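Subject: Two-chain model, handed over

Hi,

Here is the model for you to look through. Please open it alongside these notes.

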Amino acid sequence: MQLNPTEISDLIKKQIEGFDTEAEARTEGTIVSVMDGIARIHGLSEVMSGEMIEFSNGAFGLALNLERDSVGAVVLGDFKGIKEGDTAKCTGRILDVPVGPELLGRVVDALGAPIDGKGPVSTTEMGPIERQAPGVIERKSVDEPMETGIKALDAMVPVGRGQRELIIGDRQTGKTAVAIDAIINQKGKDVKCIYVAVGQKASSVAGIVRKLEEFGAMEYTIVVAANASDPASMQYLAPYAGTAMGEYFRDRGENALIIYDDLTKQAWAYRQVSLLLRRPPGREAYPGDIFFLHSRLLERSSRVNAEFVERMTNGKVKGKTGSLTAYPIIETQEGDVSAFVPTNVISITDGQIFLDTDLFNSGNRPAIDAGLSVSRVGGAAQTKIIKKLGGGVRLDLAQYRELAAFSQFASDLDEGTRKQLERGARVTALMTQAQYSPLKTGELAFSLFAANEGFLDDVDVDKVSDFESAMLSYVRTEKTDFLNSINDNGDYNDDIAAEMKSTLEDFKSKGSW
Amino acid sequence: MSELTTAARPYARAIFEMADGAGNLTEWSDSLDFMSVVASNGAVKELLSTPAMAKHSGADAFIKLCGGKLGDAEKNLVNLLSENDRLSLLPEIRVLFKAQKDESEGSVEALVSSAKKLTKAEEDEISKALKKRLGRDVKLKVSVDESLLGGAIIRAGDLVIDGSLKGRLSKLTSTMVN
């Protein structure tokens, strides 16, 4: 790019003219020790908790421990060049990150600085990373669906906009895959997505960004990454930074989805910081406020009412509610959900999606355990048609699991039991879904309808997914308008049921799968 | 440093309360000045840190070093500090004692470093302005630091008022870089 010299001179002139030449009054302290990313500072008598501190090498710190004669601060970023005896200045600023739509499509670090090599981000606003969650009066109950496009989830553990639904499971059970599918499914739905990667390999994050770009999902997504090699302070702050970016959209009457991948590693990072600050360790060596660490974070994901949005935008946006939906991810060890951090986060969230290693290994992907997965408010937010058709599937699966365990010992089964087992096996097969292929409401409705009305009963179990894909492509080509009308309004009545039934009968009579 | 402050605080406070009650704050202030100079001398530090200096011999040596300038109460203080292995705290105790003394007298010490030597009128003006800002009498300690290029920096406790050319230039640098 050709730079215009006068333009730059003007810019510099403006900067110099606008430069405040008043004498600067500040409080200063002296660094006593620097170790493991923690600086102890003597002095700084007027420092605030959570205030940014500027070190002599230009790096910033965050004051966390205010003690009688010293301040414990974590160094954000590079602590090379900070040494004992250096001065540290108060900045009078609580830590904040850039927010706004300019960040969409970018990969940034925990302080909002771009790390994707695409140049600077030209945001105009900053948001504090620690903020009080909206109060009781400012909230609105959850009544819009947040569709993931995953059959098993939308039918059995539905999530509403503004809800917090935990994704929990061992390593390698497809937790991230569920979350990425949910992001891809938001295409064209005007939902902004934020993917917060905490303590992951840089290669995994790069892979996820590439996948999101491939499916055109990066244009409405912000990726906040604090990789495994970043300091623990950054890993601890990344979820708060991502939430600040999500709140920007929520407060302007838009809908946003945030994924924390994963909060276990954030808890580890916070444990490291806390122990180095010499805060007393508690259970599993976590500090005393580990519950509050996650509860104050997840409480900020909420649905807010129109008055709140109007007040936050100074009356510019009227009559629109905003929402921030959260999918926190927790990794368990050997399926142990009763460990400290998993129980904490389970009790904070509005339900959980439990992913099971055995199901995953036996090819049921996504490996959702229908018995242990619940959603506490999602039912109120389902579209009518999915609510009507999804209930049967959940019941079929629950009965099937029980009977399947029992019938292993029985050689002779009565007609009713056998039928239920066969139905269950087919529904289980139907619930498997390939990665990166989210379904629309109408398609999901047809699949569920086929299972409920017994269209699958005479299809071989290993042919179920072929049947389904053939059926869906038939419906897509032959009944496009009908499918679109279901996608758009999600109603369900006798006419719609009759039309679906006749469509499926037509398809089945052709026998082309 | 912060750990030293924490350890020195109870001693400084005890000495202050005792001196304040007896009305000899200035004498104590002077003798603490003297003792801390002795204690921070490199050779003395080395001597006191040797394991051979058992508790009492350390105190005796220190008192002898001071050459009969110490009163009974001061000698007791040295013995007590030596017993608790805290003789090295003396400079810190002095700082805290002075701060407490200044506070009780409603005065504060301010260090002014300027690029050029200040005139008497300038000094008066600075102390008047500082008195208004801090609400206390100000004892100025003036020094000259040519690296500031121009203007002055005032330090009173943790508060730093930077009106130097050097400070402004570095602020200009950081605004232009960001």
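Predicted model: local features only at pLDDT ≥ 70, side-chain atom pairs only at ≥ 80, totals over all residues.

Residues are numbered from 1 along each chain as its sequence is written, while chains are lettered from A and ligands numbered from 1 in the order in which they are written.

Chain A

Chain A has 16 helices and 17 strands. Both are DSSP runs numbered from the N terminus: helices are H or I, at least four residues, and strands are E, at least two. The radius of gyration is 26 Å, close to the 24 Å of the globule rule for 513 residues, so chain A is as compact as a globular protein of that length. That radius is taken over C-alpha atoms, and the rule is 2.2 Å times the number of residues to the power 0.38. Along the principal axes, the C-alpha atoms of chain A fill a box of roughly 85 × 55 × 45 Å.

Of the 513 residues in chain A, 46% are buried. Buried means 20 or more other C-beta atoms within 10 Å of the residue's own; exposed means 12 or fewer; partly exposed is in between; C-beta atoms are placed from the backbone.

Helix α16 of chain A covers residues 494-510. Its 17 residues should span 24 Å at 1.5 Å a residue, and its end C-alpha atoms are 25 Å apart, which agrees. The expected span is 1.5 Å times one less than the number of residues. Just after α16(A), A:G511 takes a positive phi of about 60°.

Where the chains meet

17 residues of chain B are in contact with 21 residues of chain A. Contact means C-beta atoms, placed from the backbone, within 7 Å. On the chain B side, α1 (2-22), β4 (159-162) and α8 (165-177) each give two or more residues. α8(B) gives the most, with 6 residues.

Strands also pair across the chains (pairing takes at least two DSSP bridges). Strand β1 of chain A (residues 24-35) and β4(B) run antiparallel, joined by 4 bridges. A:A25 stands opposite B:I161 in β4(B).

One lysine in chain B

B:K98 is in helix α6 (residues 90-105) of chain B. B:K98 counts as partly exposed because it has 16 C-beta neighbours inside 10 Å. C-alpha to C-alpha, B:K98 and B:G167 are 29 Å apart in space, and they are 69 residues apart in sequence.

Best wishes

How values were computed:
Contact = placed C-beta atoms within 7 Å.
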